[in-house]
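Notebook, opened to record what I looked up in this structure.

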Amino acid sequence: MSQNKYWQSFGEVNDPENFKKMAQDEFHEELPFESFDDKGLLDAKAPRRDFLKYLGFSTAAAAIAAGCKIPERKVFPYGNKPENMVPGVAKYYATTYVQDGDVIPVLAKVRDGRPIKIEGNDLCSFTNGGTSARCQASVLDLYDMYRLRYPQHRVAAATDTEPAKFEEFPTFEQADKAIAEAMTAAGGTTVLLTSTIVSPTTKDIISKYSGLKHVQYDADSYSGMLLANEASGFGKKLPSYNFGAAKVIVSIGADFLGTWLSPVEFAKGYSKGRKIDEKNPEMSKHYHFEGHLSMTGSNADERFTHRPSETGAVALDLLSMINGTEETQTIKDEKLEEGIRKAAADLKAHQGQALVVCGSNDKNIQIIVNAINNAIGAYGTTIDWGKPVNYRQGIDSEIEELVAQMEAGQVGTLMIAGANPSYTYYNAAKFNAALKKVKVTVSFNGKMDETTEQCEYAIPTHHYLESWGDAEPKAGVTSFIQPAIHPLFKTRAYQTSLLKWSGNDADYDTYFREYWTGKLGSDGFNAALQNGIKEDEATSGGGSYSGAGLAEAVSAVAAAKKGSGTEVVLYQKVSIGTGAQAGNPWLQELPDPVSKATWDNYALISIPKAKELGIKLNNDYEYYPQKPLVKITVGGKDLILPILAIPGMQADTIAIAVGYGRNDASGVTAAGIGQNVYDLVQYNGTTVDFAVSGATLENTGDKYKIAQTQKHNSYENRKEVVRETTLKSFKASPTVIPDFSNKLEEDFYNNSGGNFRGNATLYPDPETRMTELRWGMSIDMNACYGCGACVVACHAENNVPVVGKREVLRYHDMHWLRIDRYFITDENDADNLKGVVFQPMLCQHCDNAPCENVCPVAATNHSSEGINQMAYNRCIGTRYCANNCPYKVRRFNWADYTGADSFPNNRDQQIVGKLDSVIEQMNDDVTRMVLNPDVTVRSRGVMEKCSFCVQKLQAAKLEAKKENRMLQDGDAKTACQMACSADAIVFGNVYDEASAVAKTREENKNRTFHVLEQLHVLPNITYMAKIRNVDEDDPHWGGGHEGGEHGNEEGGHESEEHKADSTLPSATHVEESEH
Amino acid sequence: MIPCKPTGSKLKIIFLSFFVFSVFQVFAQGDVAAGKAIFNSKCASCHQVLKDGTGPALAGVESRHNWSDHNELLKWVNNPAAYMANDSYTQGLKTKFGSMMTGFADVTLTDIGNVVAYINDAATPKTPTGGSGGGEPQKTTNNALIFGIISLILGIIALILMQVNSNLKKMSDDAEGIVRPEPVPFYRNKIYIALLAIIFFIVGGYLVAKGAIGLGRQKDYQPEQPIFYSHKVHAGINQISCLYCHGGAWDSKHAAIPSVNVCMNCHKAINEYTKGPKLYRENGDEVDGTAEIAKLYKAAGFDPNNPNAWDPSKAQPIEWTKIHNLPDHVYFNHSQHIRAGKVQCQSCHGEITAMDEVKQVADLSMGWCINCHRQTKVDFNYTDSTGNKFYSIYERFHNDIKAGKMDSVTVEHIGGLECQKCHY
C-alpha cells in the first residue's frame, strides 16, 4: 500500500533532493552584495570612505535629532466630559455587521471615542460570538481614506482618459432640493436598486415611499435556491440549516464554511460534529463533490471531483441511488460513481440526521437537492423552515427586467444602495448604457465605486459603525445597529434620504427609535440595544415539501448540455468575497486558505492541466514567484491570468476568484489588483450561472509574480509538525501520540537518568521558574477550517502592519499568526488528494525557547507566567532569534511599515526598496485611528511576534485585582480565540485544573501533541491531531514502521531519536523510503 | 618659578583623603535613599520634614518623646491606636492635629532606621563641603562638581610641580655639568599626551553616556501653564482629594486632566481668590488668583453675573502643557498603582500639595520604576481578612510565608521586573 505524503510545495513532492538543497539556501534571489573583485576595496561602488562618511553623517544626524529640545506636548481635556466616558477605558457597544447579506451580531470595542476592534456578540444563539475575517476587518473600512466625504454631483462624465468629475454639495438641503427638482422634472418610475435589505425599518420606509419600486440584486445570487424552494412548496425563501444536528453532510459545491450563505453560523454548527470525545470517538461524516478545491472541500472527509457542468448529474444520480438504483445514470467516472454510492448509502442510513447542500444557482438542480433532503428526512431536523433567513433574496430575473425598463427609458429615477452592478453585473457595459438612459441617477454607496462613478448624484451613506439600524437575519431574530462613533465625514443614512424624498421630514435615527420604542417600549428598546440582539421563538411551520416540480426538473437536468473543453468556475475567496471590501488592506494581505496567495486573483488549474500547458511543477515553479501567464478564451472573451497549480482540482476545471480588478477610485489597495471576471458569468434566462464551459487555454510564455506566503516558512523537512490520521486508525491505536511522548522521556531517562522536561536543558527546570499562573493554548485541528478570521483579528488587536504585495514577495509578511496548509496526497501521485490540514502557527511560547538564548541583548526572554516576551525597544535587530526559531514565527520589521520611526518619512529609502502605496494608506492619519493604543507600534529594525495578547492578560489581571477576587477562567482571552467561530482555540491558565485549557488537554490526551516535541523546546501551545472520518487504515499511524535512515537529525541523540521514530506518526518515513 | 619641591607622600595623602571622603559619602547616601523612598511612599502624604502638615514636622523626631528608641517608634507606626491607648504624648498629638496617624503594619525596624536617616539628612542645613565658593547659590551641594574642581586644581598643581621638578633637575644638571639630551617639551611628551587622551576619553565617555541616558528625561520640568492653577491651594490648603479631579486614576490608565465642567462644579460659586496666601510664579511675580479664575470662566463660557445661563456643553477645552511624559513603548496604568497597588500619588508626583506650579519630581526613568518594583510590597493577602484576594493564586508564596521562609511579597516576586509587565 502506498504511503501518504504531507507537503506544502510541489518541490517537496516532485523533486525532494533539490528541495532540500534549496531550503538550505537562505536567500533564493540574488543578493545585492557587491563582490570585491580585483579592483579592490576602494574602487568598489561604495568604498570605505563613503561608508565612513555615511557613518559619520548618520551618527551626527542621530545626535542632532536626539539632542533637540524635547517637544512640548499639549493635553486637551474635555470641555464638558460625557458622564459615562473615562479616557483610557474601552467600552463595548453591541451592533451588527451587515455587508452583502452577511449579518453578524458584533460588539464594537471603542477606545477614547474610536472603534478599534470587532468582537462577536455571544448573546446571539446561532453565531455565539463567532466572526469572519471580513467582519473582523470591517473596522478598518470605517477609516478608509477613500470613502466619500461629502454629498456631490457630477459635473463632467467620464471619458476614456479622464475619470468623472464631481462637485460638492455644501449642505444636504441643497442636495435634497436639487434631486427633488430633478426627480419631478424626470417623471417616469422611481426605482430603488439595493442588495438584499435585511432591516425591518428600512423595509418599512421603502414600503411607505409611494410610487417607489424596489429591486433587490445580489452579486452572489441564490435565485436558483429561492425559486426551487418555491417550487418545492416552501415559498420563495431560504431555510436555516442546522449542521450541528447532521451526522452525514453532503455538499455539492457549496463552500458552506467559507462563503456559502452564512458561514459563521455553519462553522459553529459543523464544529459540533467534528469535535471528538476521546472515550467514544465519533464524528460527523462530510462528503464533498466539487470541481475546484474550495476551503470547505479541503475539510471534507471524502472529496470527489467533477466538472462544474456535471453538478446536476451528480445531484440526480445521488437522488436516484437514494431511491434505490444500483448504477449511476449519467456519471461515468468510476471514482465519482463510487463516491456517490457511498454518500447515498450513508445518507440513507442516517435518516433525519443527514443534510445535503448545493452551491449551484440552478433552479432545477436545487429542486433535485430538495428532493434528496426530503428523502433523507432533513426537513424538520437539519433544515429548519420555522426560521427562514432574510438575506440573499435577490431574484436574477428582476434586475433583467429593470435593465430592460431602463433601456426602454421607462425609469425616471434610479437610486442605488449597497449594490454595485456596474462591477458585479455580468454585462456591465449593458448596464452602464442602460443607466445613461435614466434621467436621474443617485448612488448611496460609501465609496466612489464603479456604479457611483456612473451616477449623477453621490449621496454617501454611513459605515455601519456610524449608523443606527437593525437587521433581521432570520425570522424572529433582530440584531440592532448602534453607532460606535460620530460620523467621520459628511455622510447621511440613505434611509434618511428616502424619508426626506418621500415627504417625511424625520431622519432615520428618529424613525428607527420610534419604530422600536413603539414595539418594545422604551425600556425594552434600551435592553434590546444593550444586548444587541432580540430573539423570539420560531414563528411558523413554513410549508411542507411538495414534489410537484421534480419530474420537470429531472428531465431538464438530464437534458442539460454536457460541458466541453475546459470549464471555468468563478468562486469567491474567503477574504474578498464579491469584492465589496476589496479596498481593505488586511483582507488583501490575508492569504487564501488553499492557495496561500495574497493580493491577486489567478486561475487555479489542475496538475494534469499544468502538464498539458507545458508547465513543470518543480522546485523552480514553487521557489520563484513568477507564475506562467495563461490566455483563457471563453464565451468570446479572452483574458490573461497567471496560474497556480494545486492538487485536487478536476483535471479540466479552472477556477478564478471574483472581486478583483477594481476601479482607481476605490483606492490604492484594490485598484489594479487582479482582474474582474464577472463578465464571464452567464445568464440562462432564469438565473445566472457562475460556471462556463468550452474554454481554451494557451500558455503565453510570459510570467507574472504572485505573492504566496507558504513556502518560505518551511521547517527544513521536519514534518512531525502535522499529526493527523483516520478515525479508524485512531480508534484502533488511540495512544500513538502519548506513546511517542513517553518514549522520548523513557529514552532520555535511560540515557541520562533525568527527566526529559526538567533536565534536558542547560537551564534550571522551567517549571521552577513559573509562578502559579501559566498561560497555555490548545488548538484543535479538527475544528480549524482555515478561514483566517483569527489572522485578521490578530492584525487589529496587535497593530500588526500590512506590508503590501512587493514585500510579501520578498517574504517580509508580518502575520503573527499564520495558517499553514498541508496537502495529504499519495506519495506517488501528488494529485491524489486525500485531505488538507490547516494548522494555525504562532509563537509557541517555548519554556526552553531557542530564540531566547541567542539574543545578545536579552530583548526576548521568558516571563514567570510562561510567556516568551519580546521587548521591542531593547531589540537591536540581529535576527538571530528568527534564525533559531524552529517554527519560523518571528517577524522582522524590514522597513518602517507603521510610521513609528523617529525620523519622518523613513519609508523612502533606496536600501529598503520601494514599498507599495498601501503602506501610505495604512499610515494615513485617518487610517491610523484604528491602532490599538495599548500596544506599541513597532518601528523599523525590530523583531516582533505573537505575545499571547499580553495586553489583554494584564488587563484581566488588573480587573481581578480591582474587584478583589481571584482570576477566573475566561477572564483573559486572546484575539484569535475570540474571533474563531468554531472554537478551535482554547486559552487559559494551565495550572488551574478547572480551566478550559487544562481540561481540554486532560480530556484529549490521545490527540494532544506538541509540534516538534523532540526538539525539547517545551512549547506552551498544544495541538490536537486532526482526524479524518475515513474508514481506512492509515499505514503510518503507529503502524510499526521500523526505522531506516532518518532524514535529518536534530542533534546528537541519533540513537534516541531512532527509537522514538519507530512510533512517530509522521511523514518522515515517507522520505526514508524514498532514499 | 616656584622654589619649592613637594614630596610625593604629601600628594598621596591628599589623594587618599579624597577617596576616603567620597567612599564615606556613598555609604551615607545608601541609607538615606532607601529612607527617602519609604518616606515618599508612606509618610509624605501627611508629613513634611521641616513644617507641620496634616501631621507634625518630622525633623528632630529622635529628640522628642522616647522616639530615640526606634523600637518604640516602630510600635507606634505599626499600630497607632494600640500605642496611643496608654501614651499621653501621642494622645496630645491627636488633639493638636485633629486626627490619628494612619498605621503602617508592614513597616520594619530597618525601614524606620532608613526613614530617620533620611529625615536627619534632610533636616541638616547643607553647607558646601569644598573650599571653592563656586557652588554657593545652590541649595543642595553638587558634590560631583566640587570634586571635579578639586581634582582639576590638584591636577594642574601636579602638572606644574612636575614641570618645576624637571626644570630644577635641568638646572642642577647644568650646574653639575652633566650633559643630557634636550628634554622633550611637555606638549610633545608622549606620556602626557597619552594621559590626556585617556582622561579625555574617560570624561568624554562619561559625559556622553550620561547625556544619552538622560535623553528624553525631564526631571524638574516645570512649564508655565495657561492658567496659574495652584495645587497647593486646591489639594493642600483646601484638602480636595486628588481623585476628585483626577478620577481617571482610579479607573483608567490615564489620570487625565479634569474637564472644564469639573472645575466649574466648585468655581460656579467660587469666583475670586482673596483668603488664601499670596501666590507667586517661579520668577517671583505675584499672581492675581481672581484673574486666573476669570481665565477659566472664559474657557467655560461662564458669566459670573448670570450664572444660571451657563451651558456646560459650550465649554472649550483648555490647552494644558503635559508635564509627565512616558515614551510610547511604556505601558503605565494609574489604576494599577493607585487601586491595586495602593500607592500614594505623592510617591511619584512628590509633595504636590505644596506645589503651586507643578514640577516633575521623579525622573520617570526605567531604573526609578524598577527600583520601586523591587522595594514595594504588594497588597498580599497574608491572612484571609487582609490584602487582595487576587494573590490567593500564589500558593508557593503563601506556603513560604507560613514556613517563615519569607516575610513579604514584593512586586518583583510576582514578576514585576519582567519586560512584558510594562512593554507590550
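In what order do the 4 strands of the open sheet in chain A stand? I note that the model is predicted. I read the order as 40-33-42-41, and the pairing in this sheet is mixed. Strand 40 (985–989) and strand 41 (1008–1009) of chain A each have a single partner strand, so they stand at the edges, and one side of each is left without a neighbour in the sheet. I then looked up the pair formed by strand 33 (residues 775–780) and strand 42 (residues 1021–1024) of chain A: they run parallel, over 4 bridges. Ser778(A) has Thr1022(A) of strand 42 of chain A as its bridge partner.

**Entry: the sheet of 7 strands**

I looked up another open sheet in chain A, with 7 strands in the order 7-6-18-17-16-8-9 and mixed pairing. Strand 7 (165–168) and strand 9 (212–216) of chain A are its edge strands, each pairing on one side only.

I began at strand 7. Strand 6 of chain A is joined to strand 7 of chain A by 4 bridges, and the two run antiparallel. Here I found Gln152(A) with Glu168(A) as its bridge partner in strand 7 of chain A. Strand 6 of chain A also runs antiparallel to strand 18 of chain A, with 2 bridges between them. In that pair His153(A) stands opposite Tyr457(A) of strand 18 of chain A.

Strand 8 (residues 189–194) of chain A and strand 9 of chain A are parallel, joined by 5 bridges. The bridge partner of Leu193(A) in strand 9 of chain A is Val215(A).

Which helix packs on this sheet? I found helix 5 (residues 172–186) of chain A, which touches strand 6 (152–156), strand 8, strand 16 (411–417), strand 17 (440–443) and strand 18 (457–458) of chain A. The direction of helix 5 makes about 145° with that of strand 17 of chain A.

**Entry: helix 6 and its two contacts**

I looked up helix 6 (residues 200–208) of chain A against helix 18 (residues 508–531) of chain A and read an angle of about 110°, with the axes 10 Å apart. Roughly perpendicular covers 65 to 115 degrees, and that angle therefore makes helix 6 of chain A roughly perpendicular to helix 18 of chain A. Thr201(A), Asp204(A) and Ile205(A) of helix 6 make the contact with Tyr511(A), Phe512(A) and Tyr515(A) of helix 18 of chain A. I sorted the residues of this contact by class: 4 nonpolar, 1 polar and 1 charged.

How do helix 6 and helix 17 of chain A lie, parallel or perpendicular? Helix 17 (residues 494–501) of chain A packs with helix 6 of chain A at about 25°, with the axes 10 Å apart, which means that the two are roughly parallel. I noted the crossing as left-handed. From helix 6 of chain A come Thr202(A), Ile205(A) and Ile206(A), and from helix 17 of chain A come Gln495(A), Leu498(A) and Leu499(A). This contact has 4 nonpolar, 2 polar and no charged residues.

**Entry: helix 4 with helix 26**

I read off that the axes of helix 4 (residues 133–142) and helix 26 (residues 789–798) of chain A come within 7 Å and cross at roughly 20°. These two helices are therefore roughly parallel, and their crossing is left-handed. Ala133(A), Gln136(A), Ala137(A) and Val139(A) of helix 4 meet Ala789(A), Val792(A), Ala793(A) and Ala796(A) of helix 26 of chain A. I counted the classes as 7 nonpolar, 1 polar and no charged.

**Entry: chain B and its contact with chain A**

How many residues does each chain bring to the contact? I found 49 from chain B and 42 from chain A. On the side of chain B, helix 10 (248–251), helix 11 (260–267), strand 3 (320–321), helix 13 (334–340) and helix 16 (395–402) each supply at least two residues. Helix 13 of chain B gives the most, 4 residues. By class, the side of chain B that touches chain A has 19 nonpolar, 20 polar and 10 charged residues.

I also found a strand pair across the two chains: strand 2 (residues 74–75) of chain A and strand 3 of chain B are antiparallel over 2 bridges. Lys74(A) has Thr321(B) as its bridge partner there.

Key
Residues numbered from 1 in each chain as written. Chains lettered and ligands numbered in written order. Predicted model: local features only at pLDDT ≥ 70, side-chain atom pairs only at ≥ 80, totals over all residues. Axes fitted to C-alpha atoms, helices over the stretch in contact; angles between N-to-C directions. Parallel < 35°, antiparallel > 145°, perpendicular 65-115°, else oblique. Contact = placed C-beta atoms within 7 Å. Nonpolar A, V, L, I, M, F, W, Y, C, P; charged D, E, K, R; others polar. Pairing = 2+ DSSP bridges. Left-handed = near helix turned anticlockwise from the far one by under 90°.
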